[in-house]
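Please keep the sequence and the 3D view open as you read.

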Amino acid sequence: MEGKSATGMRTALAAMLCVASLAVGAAEAALEPYPLENWALRATISNVSLSRDGTYVGLMRIPMRDANPVIEVYETDDMGKEPFRLDADPMEIIQYDWVSDDALVFALRQKVRDRIEGYNRGVYDYKFALLDVTKQKTTELGKRNLQVVHLLPDEPDKIIVEAFPTDDRGPGARAKDARWTPSYHTMDLKTGRTTLLLRGNLAIRRVSFDAEGNPRFTQGPDRNAESWVWYTRRPGASGWEEVHRQHEDEFGNFGIDGVDDMKPNSILVTALNGQDTYGLWSLDLDTKAMEPIYRRSDVDVYGVRYHSNRWTHFGKVVGVVYFKDKFHVEYFDEVEAATYAQLESVIPYAYYVRISSRSRDGATMVVHNLGPRDPGTYYLLNDGKLQSVGSEKPLLRSDDLAEVRRIEYKSRDGLTIPGFLTVPHGKPPFPLVVLPHGGPFVHEIILFDEWAQLLANNGYLVLQPQYRGSRGYGMKFYTAAFEEGGQGGYAMQDDKDDGAQYLVEQGLADPDRMAMFGWSYGGYAALVAAARTPQIYQCTVAGAAVADRMMQVNYFRDNVDGAEGLAFVRTWLRSLSPIEDVEKVNVPMLIVHGDVDQRVPVDHANKYLKELDKYGKSYKYVELEGADHFSNTLFYDHKITFYNALIDYLKNDCGPGGL
């Protein structure tokens, strides 16, 4: 524990905060939906963070609706003063990190191709550069997509960067092998020169470092033993030591979170260790025995929370995190717990509060809040005052946003399915949109969901079902999707439909006004739903949808290993293929796809549309020019086109008379 008492810290922090300026106004009912432009705008500000000494605060701002981000740098003692601005046009700034008291590095990208070059090979090239704020001078540091992996707290003129091969199809190696063999370099910020620190290979990948920049943890495959191995390098040692070995036929994962400060020669790990749900364990490096720190039977441990001051407490684990109705943190550090409790007590609509940046002396910090009724707000605590830096979505008022509830219901085979319900203003029963997540094997975290809130703002009840196969609810729930009859189009699809029927039974949803809308795997589910009998939906909306099961399997089948990877492939092979069921489609459809989608290429949509035409099915199609699969490639023009089509379709073309 820290030396300073939690009570003392709470009192000191309370004295510093000026709460009066953050009072919440009286609630007002939203009389009309927001203009769709309000939703289509990308985050106005992002990446708000402090220089090491807290003198400057930087942020990325999109100054106009169709503009690329610029970096703005303010003096924390005079936030009203005109900031220094950096615009990289025609390139787009995508990320930056403060690396010293007065310098930051930033990454840029530019679209250089009109077509994708294959699965997961997009249309962008990248650069990496340094900005000296005091000199207002930029220096190019490289033409690769470098990633800052360590800021070296005690060496303000150096950082560690990670670089991947420029061609992941190198000779003698499978694509997946070459792609995941980075090299690590120390970069001198004064000269821009890099010095090779460590070169990854097929057995040593994705290295993490201690505060001094020494390699500490890594992992990689042992091809001869068909296993995945985790390693550590103890302080002062020169070689890697095996920590944990897992045969590729074992399900589940293992992760090293940091050093256990309470026990010598021990580290903290997230693992199953024979249980159904992931927990946090202390692993003794000498005996390899694991002692439980925190585990739940209902949900997995999501990860850990690190100390908010990365300069003085680098890598220090202060709490364990799990997600159920929202994020919850069980703290080990009383001072950090008290600090967060005080911040949460004064921030309006506090939901997921995080100290995202802090000065070395700890006195100045940037705090970020995100939740259903806060699309993201940054605050600056400086000189005893807490002030709002700005909202990511300033045109959306918290009082007008919708409540989100966690629910549970039974699927038809008796499995309990969690779900999240976004409830519009007004009285039920509401028209319902079922919004399944992509993946499908992911852990969906509901904080501020733009699509769900957009739909609720237009009067729709939104269900986000955590159907079997979703991560975060234990291995039995996850692997239920791999069982015979559990796959896509079968029990995974039943879980979504049964959620809709549950809401009808509860009097929340109108059975004659229901639709399904999804993206990626969610789009696949919408295609499947359009051909189901009996039919419970009036229409479906499929975005970036997998239409041809075999086409998608052939994209990634060479990039999976072991029993879990094979189960993933087998699940797709046993799932329905929407393109084979077009003749059964019995509701109108809206289909949306980006023309440079590298994860689910637009060929899926093209093939599916031909089949719809062949059988004379009713549909509308919207192709988003220049849009990839991922949300950070959906710009204003893409989103306004998509949102107009979505809301218009649901209102006017979704079944007789619209939804």
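Of the 659 residues of the protein, 56% count as buried, where buried means under 20% relative accessible area, exposed means over 50% and partly exposed lies in between (1.4 Å probe, protein chains only). The model is a predicted one: local features need pLDDT of at least 70, side-chain atom pairs count only at pLDDT 80 or more, and totals for chains, interfaces and linings use all residues. Residues are numbered from 1 along each chain as its sequence is written, and side-chain values use heavy atoms, with hydrogens and water left out.

**Overall build**

- The protein has 12 helices and 35 strands; these are DSSP runs numbered from the N terminus, helices being H or I with at least four residues and strands E with at least two.
- Its radius of gyration is 25 Å, close to the 26 Å that the globule rule gives for 659 residues, so the protein is as compact as a globular protein of that length. The radius is taken over C-alpha atoms, and the rule is 2.2 Å times the number of residues to the power 0.38.
- Along the principal axes, the C-alpha atoms fill a box of roughly 65 × 65 × 50 Å.
- Among contacts with a separation of 6 or more, 56% join residues 24 or more positions apart; a contact means heavy atoms within 4.5 Å.

**Nonpolar cores**

- In soluble globular proteins, nonpolar side chains tend to be buried together.
- A nonpolar core here is a set of buried Ala, Val, Leu, Ile, Met, Phe, Trp, Tyr and Cys residues joined through side-chain atoms within 4.5 Å.
- The largest core has 92 residues, and those touching the most other members are Trp39, Leu432, Leu455, Leu461, Leu503, Tyr608 and Leu650. Helix α12 (residues 636-653) supplies the largest share of this core, with nine residues.
- Leu503 is in contact with Ile407, Leu421, Leu432, Leu461, Leu463, Leu508 and Ala509, leaving aside neighbours within four places in sequence.
- Another core, of 19 residues, lies apart from the largest one and includes Phe441, Tyr467, Val546 and Ala567.

**An enclosed helix**

- Nine of the nine residues of helix α8 (residues 521-529) are buried, so this helix is largely enclosed by the rest of the structure. Among them are Tyr521, Tyr524, Leu527 and Val528.
- The buried residues of α8 pack against α7 (491-505), β32 (509-519), β33, α10 (562-574), β34 (589-594) and α11 (603-614).

**The disulfide**

- There is one disulfide in the count, a disulfide being a pair of cysteine sulfur atoms within 2.5 Å.
- Cys539 and Cys654 form it, with their sulfur atoms 2.1 Å apart. Cys539 lies in strand β33 (residues 539-543) and Cys654 in the segment after α12, so the pair ties together parts that are 115 residues apart in sequence.
- The torsion about their S-S bond is about -100 degrees, so the disulfide is left-handed.
- Both Cys539 and Cys654 are buried.

- β17 and β18 (residues 266-271) pair in the antiparallel sense over five bridges. Gly258 stands opposite Leu268 in β18, while Val259 has Ile267 as its bridge partner.
- The hairpin of β17 and β18 has six residues between the strands, and Asn265 takes a positive phi near 55 degrees there.

**A buried glycine in a loop**

- Gly213 lies in the loop between β13 (205-209) and β14 (215-222). Is Gly213 buried or exposed? Gly213 is buried, with a relative accessible area of 9%.
- Not counting residues up to four places away in sequence, Gly213 touches His150, Leu152, Ile160 and Leu197.
- Gly213 and Leu197 are 16 residues apart along the chain, and their C-alpha atoms are separated by 9.6 Å.

Conventions: Pairing = 2+ DSSP bridges.
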